[in-house]
Amino acid sequence: MSWGADRVTVVFGETTALREVSVELRPGQIAMVVGGDGAGKTTLCRTIVGLENVSGGVVSRPPRTCFQPETSGVWVDLTVLENLQFVAGGYHLAPDHSRTRIDELLE
């Protein structure tokens, strides 16, 4: 049995936070949602656990769910360099551009 979101759309006023997003989750599976600021990660998680209403699509969830948001936007188990490399990967930056940009930020 799986659960998750099927073509879910969430709208706040005139802002579409999610547009036809789908994700399938299976019991025992560990999943990660990665994206830039404002990409809809938190909205997706809040929607899946029932904290946001959908404007379209279907959400299915087990009887008990929870959501623990990240508060600082950094991963404490990673070094500063590793955090920057992880985020660069999330933005699909080319390796050469990524190294250059990370060097600039670290300066």
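Trainee: What does Ala-17 touch, not counting residues up to four places away in sequence?

Mentor: Ala-17 touches Val-10, Phe-12, Ala-39, Gly-40 and Thr-43. Contact here means heavy atoms within 4.5 Å. This is a predicted model, where local features need pLDDT of at least 70, side-chain atom pairs count only at pLDDT 80 or more, and totals for chains, interfaces and linings use all residues. Residues are numbered from 1 along each chain as its sequence is written, and side-chain values use heavy atoms, with hydrogens and water left out.

Trainee: Why does Ala-17 count as partly exposed?

Mentor: Its relative accessibility is 21%. Buried means under 20% relative accessible area, exposed means over 50%, and partly exposed is in between (1.4 Å probe, protein chains only). Ala-17 is therefore partly exposed at 21%.

Trainee: In which element is Ala-17 found?

Mentor: Ala-17 is found in strand S2. Strands (E, at least two residues) and helices (H or I, at least four) are DSSP runs, numbered from the N terminus.

Trainee: How far apart are Ala-17 and Phe-86?

Mentor: In sequence, 69 residues separate them; in space, 24 Å, C-alpha to C-alpha.

Trainee: What marks out Glu-20?

Mentor: Its phi is near 50°, a positive value in a residue other than glycine. Glu-20 also has its place in strand S2. At a relative accessible area of 46%, Glu-20 is partly exposed.

Trainee: What makes Thr-47 buried?

Mentor: The relative accessible area of Thr-47 is 1%, so Thr-47 is buried. Thr-47 is in helix H1, residues 41–48. Leaving aside neighbours within four places in sequence, its contacts are Val-8, Val-10, Leu-18, Glu-52, Val-54, Val-59 and Arg-61.

Trainee: Which residues make up the largest nonpolar core?

Mentor: Seven in all: Ala-5, Val-8, Val-10, Leu-18, Leu-25, Leu-44 and Ile-48. A nonpolar core is a set of buried Ala, Val, Leu, Ile, Met, Phe, Trp, Tyr and Cys residues joined through side-chain atoms within 4.5 Å.

Trainee: Which elements give two or more residues to this core?

Mentor: Strand S1 (3–12), strand S2 (15–25) and H1 do. S1 gives the most, with three residues.

Trainee: What is Leu-18 in contact with, leaving aside its neighbours within four places in sequence?

Mentor: Val-8, Thr-9, Val-10, Gly-40, Thr-43, Leu-44 and Thr-47.

Trainee: Why is H2 called oblique to H3?

Mentor: The axes of H2 (residues 80–90) and H3 (residues 95–106) come within 10 Å and cross at roughly 140°. That angle makes H2 oblique to H3. Angles under 35 degrees count as roughly parallel, over 145 as roughly antiparallel, 65 to 115 as roughly perpendicular, and the rest as oblique.

Trainee: Which residues meet where H2 and H3 touch?

Mentor: Val-80, Leu-81, Leu-84, Gln-85 and Ala-88 in H2 meet Ser-98, Ile-102, Leu-105 and Leu-106 in H3. They divide into seven nonpolar, two polar and no charged. Ala, Val, Leu, Ile, Met, Phe, Trp, Tyr, Cys and Pro count as nonpolar, Asp, Glu, Lys and Arg as charged, and the others, Gly among them, as polar.

Trainee: Ser-98 is in H3. Is Ser-98 buried or exposed?

Mentor: Buried, because its relative accessibility is 11%. Not counting residues up to four places away in sequence, Ser-98 touches Ala-88 and Leu-93.

Trainee: What makes His-92 count as exposed?

Mentor: His-92 has 71% relative accessibility, so it counts as exposed. His-92 lies in the loop between H2 and H3. Its phi is near 55°, a positive value in a residue other than glycine.

Key
Axes are lines fitted to C-alpha atoms, for helices over the stretch in contact, and angles run from 0 to 180 degrees between N-to-C directions.
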